[in-house]
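Take a walk through the two chains shown below.

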Amino acid sequence: MDAFVSLAHGLTVAIQPMNLLFALIGVLLGTAVGVLPGIGPALTVALLLPITFKLDPGGSIIMFAGIYYGGMYGGSTTSILINTPGESASMVTALEGNKMAKAGRGGPALATAAIGSFVAGVIATAGLAFLAPYLVDVAVQFGPEDYFALMCVAFVTVSATFGDSPVRGLTSLFIGLLLGLVGIDILTGQARMSFGVPDLLDGVEVTTLAVGLFAVGEALYVASRRHLVEEKLEPVRGSLWMTKEDWKRSWKPWLRGTAFGFPIGALPAGGAEIPTFLSYSTEKRLAKHPEEFGHGAIEGVAGPEAANNASAAGTLVPLLTLGLPTSATAAMMLAGFQQYGLNPGPLLFAERPELVWGLIASLFIANVMLLVLNLPLVGLWVRLLAIPQPWLYAGILVFATMGTIAANPSVVELMMLTLFGIMGFLMRRFDFPIAPVVVGLILGPVAEGQLRRALSISLNDPMVLLQSPISATLLVIALIALILPFVLKGMSRFKATED
Amino acid sequence: MTRITKGLWRGALTAAALTLATSAMAQSDLKIMAPAAPGGGWDQTARSMQQAFTQSGLVKNVQVTNVPGAGGSIGIAQFVNGAKGDPNQLMVMGYVMVGALLTNNSPVTLAQVTPIARITAEYEAIVVPANSPIKDAKELAAAVKADPAKVTWAGGSAGGVDHIAAALFAKAAGADPTKINYIPFSGGGEALAAILGGKVTAGISGYGEFESQIKAGKLRLIGMTSPGKLPNVDGPSLKDQGIDLEIANWRAVVAPPGLSPEQTKTLTETVDKLAKTKEWQELLKAKGWDDAYMSGPAFAKYLSDEQAKTKEVLTSVGLVKS
């Protein structure tokens with residue numbers, strides 16, 4: 001097959017010592033920025049652009065891709081250990097991962113995240129190599145109505161699966177949707193609910209909300225309960241490494257996560273978050289022990305982590321084949337291509353095959369590097385949990401504040417972080433799930449925008465939602481997912497084991 | 001290693017420049033604000049200027065700061081209040097900011113800053129999918145005139161240059177610009193995907209966004225918003241096809257309010273010199289930006305004309321209440 005020959009040729013480009021070095025620098029930088037909340041891979045690539053201007057194009061693009069993958073790996077570490085998602089795509093990982101870490105199972109959680117990311121990264125990169133031209137034709141056929149239907153699926157599954165009761169889940173989701181309304185309306189350019197504060201015109205920053213609710217909220221909650229219960233954290237209980245049981249419970253979620261992540265990542269407006277939500281919901285529904293979810297189920301780490309890495313590879317499909325950047329990092333990589341006078345798009349594969357295939361081959365190498373880099377660090381990372389609690393949480397507060405200021409140096413942003421922290425504390429206190437708030441903020445504005453675009457294009461005919469086969473199918477799935485839990489709930493009412 | 005040699009080279013150049021021109025040295029420090037997040041067009045402009053300033057030795061220390069938010073509304077507010085009277089500061093801005101300040105009802109306006117120079121410009125391209133029945137600008141104009149609501153346009157944010165160009169097209173075609181069916185997409189490739197997927201009638205954006213798709217035969221170029229045919233574009237302008245529409249998405253630099261005429265003059269001269277350096281010209285080429293240099297009173301007049309024109313268009317499409 002043609003692609004094999006090209007890939008083999010690409011491999012010879014990628015294993016040149018200089019390119020290996022660039023890949024290594026990339027994954028190291030990526031892991032570092034993935035760990036810091038607020039500073040994402042997009043910002044890093046942006047800051048590196050002027051420096052790489054004089055470098056060899058192949059090498060620096062390989063480095064950018066390394067940063068991208070590294071960021072996806074690194075984001076999971078802080079999610080699991082200190083409940084502080086480095087970026088929004090690793091928020092779901094915090095749900096189960098942090099519970100596992102608190103139960104002394106941080107080692108297996110980090111391991112399943114790293115290996116899952118590796119598996120997903122390799123499969124998805126293979127998908128990129130062999131399926132990109134076909135996938136992209138399908139992806140551009142996805143219209144606004146289809147995206148809206150996809151969002152509906154995400155909303156339904158998310159509100160039904162996060163937290164213990166659907167009503168509480170929905171309440172949280174609506175808080176998120178409400179926050180999503182703040183800022184300039186994308187379709188009319190008019191400001192909504194910004195109360196004359198210019199900083200609110202661009203809406204609520206997702207990382208500020210996630211870090212506030214998760215990290216700050218958690219720190220406040222722990223502080224408030226300290227005089228009641230002295231919670232003892234054991235950094236390691238049992239094996240540091242994954243047991244046979246862990247492997248058995250992880251491999252299927254890895255594959256399913258990849259199956260969600262890669263195609264949705266390849267959609268021009270798909271993103272990395274939706275596949276993680278869908279993966280989490282699916283794993284919760286398929287798990288043999290669904291009652292473990294919310295208390296540290298390994299499936300809930302394995303699936304979403306695979307999903308977010310696979311989506312990173314998916315994003316490269318429209319970038320390389322069409323020149324469509326579909327995430328902030330991809331947009332920066334596009335700028336990187338352009339500064340060398342290269343225009344990604346249908347002609348790039350034909351004009352500069354050594355560059356494209358060198359990049360794809362080095363993605364495989366970057367994945368191996370990340371695995372080698374991350375696994376030995378697991379033992380070191382879990383030591384973090386041995387830090388006495390007051391110190392650890394004070395550290396988390398400093399860390400969260402620094403990340404927020406680094407991303408957006410403004411007083412208003414800090415005030416929002418504090419407010420969201422208090423909100424996170426109250427929601428924990430009264431037992432509302434916090435993840436749906438973030439989900440609402442991410443998906444709400446997208447769903448609204450896509451629905452209104454679909455209606456604009458169809459001249460206000462709502463039937464457009466059912467006329468598109470993709471949209472109709474997705475809406476039916478959403479409907480089933482909406483009804484199913486109530487049916488199942490009725491059946492399982494008698495054996496409920498909630499405390 | 002490359003960084004070190006680059007640094008040495010830069011240092012040597014600066015030293016050479018210093019010894020040659022100690023008397024005529026204009027600035028030693030300069031702060032350039034990009035009122036946007038790192039990576040976007042304004043940020044890249046600011047960082048390219050930084051690179052050209054330091055490499056050519058015109059200015060020794062150049063610092064770039066980013067103040068993102070609301071099409072530059074946040075940045076300009078901070079610039080006007082915080083940098084007042086400081087002759088060592090510049091802010092990058094562009095046509096998008098003119099519209100954003102109007103639609104956001106910003107308390108700070110461009111009348112408050114000191115205009116320095118327009119540096120680059122990019123003309124807008126109107127495209128249709130390759131399989132569209134519309135072949136040229138006349139046919140598109142006829143379709144818009146027949147029923148403006150049925151022609152869907154995909155482009156960037158509401159009130160931005162793409163939106164304004166679409167409204168001006170409808171006006172030039174003899175249709176009611178308030179009736180246009182313009183669908184804003186949030187940057188990146190989303191609009192392009194909608195055009196390629198045939199979800200909309202036409203697309204409008206900077207030529208660079210469409211270039212590779214046009215060359216690959218997936219999009220058909222209907223026309224450029226330039227005064228005539230452009231040398232690097234394989235296709236006619238709208239004007240050549242009888243559609244009276246000319247608009248450019250330009251970028252410029254401005255200085256803070258409260259500068260003395262001498263200070264303004266010195267700053268303008270520094271930027272004038274930058275525009276002529278080999279380093280800057282090379283950067284323009286590498287980035288694919290068209291040189292559209294214009295400074296002094298000519299630019300000041302241009303800036304106020306553009307504001308008046310934009311206000312009129314945005315009011316006519318209902319984005320700004322008069």
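Helix 11 of chain A is mostly covered: 12 of its 14 residues are buried. A residue is buried if 20 or more other C-beta atoms lie within 10 Å of its own, exposed if 12 or fewer, and partly exposed in between, with C-beta atoms placed from the backbone. Helices (H or I, at least four residues) and strands (E, at least two) are DSSP runs, numbered from the N terminus. The model is predicted: local features need pLDDT of at least 70, side-chain atom pairs count only at pLDDT 80 or more, and totals for chains, interfaces and linings use all residues. Residues are numbered from 1 along each chain as its sequence is written, while chains are lettered from A and ligands numbered from 1 in the order in which they are written.

Stay with helix 11 of chain A. The buried residues there include A:Glu273, A:Pro275, A:Phe277, A:Tyr280 and A:Lys284. What span should its 14 residues have? The helix covers residues 273-286, and at 1.5 Å a residue it should span 20 Å. The expected span is 1.5 Å times one less than the number of residues. The end C-alpha atoms are 20 Å apart, which agrees.

Now take chain A as a whole. It has 20 helices and two strands. Its radius of gyration is 22 Å, close to the 23 Å that the globule rule gives for 499 residues, so chain A is as compact as a globular protein of that length. That radius is taken over C-alpha atoms, and the globule rule is 2.2 Å times the number of residues to the power 0.38. Along the principal axes, the C-alpha trace of chain A spans about 65 × 55 × 50 Å. Of the 499 residues, 59% count as buried. Contacts in chain A reach along the sequence: among those between residues at least 6 apart, 80% join residues at least 24 apart. Two residues are in contact if their C-beta atoms, placed from the backbone, lie within 7 Å.

Chain B comes next. Its secondary structure comes to 11 helices and 10 strands. Of its 322 residues, 52% count as buried. Among its contacts between residues at least 6 apart in sequence, 77% join residues at least 24 apart.

How do the chains meet? 43 residues of chain B are in contact with 44 residues of chain A. Several elements of chain B each supply at least two residues to the side that touches chain A, including helix 1 (2-20), helix 2 (41-56) and strand 6 (181-184). By class, this side of chain B divides into 15 nonpolar, 19 polar and nine charged residues. Ala, Val, Leu, Ile, Met, Phe, Trp, Tyr, Cys and Pro count as nonpolar, Asp, Glu, Lys and Arg as charged, and the others, Gly among them, as polar.

12 residues of domain 1 of chain B are in contact with 10 residues of domain 2 of chain B. On the domain 1 side, helix 4 and helix 11 (296-316) of chain B give two or more residues. Helix 4 of chain B provides the largest share, five residues. That side has five nonpolar, six polar and one charged residues.

Look inside helix 4 (residues 95-103) of chain B, where B:Leu101 is found. B:Leu101 is buried, with 23 other C-beta atoms within 10 Å. Not counting residues up to four places away in sequence, B:Leu101 touches B:Ser73, B:Ser106, B:Thr109 and B:Leu110. Contrast B:Ala172 in helix 6 (residues 161-172) of chain B. B:Ala172 is partly exposed, with 19 other C-beta atoms within 10 Å. Leaving aside neighbours within four places in sequence, B:Ala172 is in contact with B:Ile243, B:Asp244 and B:Leu245.

Finish with the strands of chain B. Strand 1 (residues 29-34) and strand 2 pair in the parallel sense over six bridges; pairing needs at least two DSSP bridges. B:Ala34 stands opposite B:Asn66 in strand 2 of chain B. Strand 4 (residues 114-129) and strand 8 of chain B pair in the antiparallel sense over five bridges. There, B:Val127 stands opposite B:Leu221 in strand 8 of chain B. Strand 8 (residues 219-224) of chain B is mostly covered, with five of its six residues buried.
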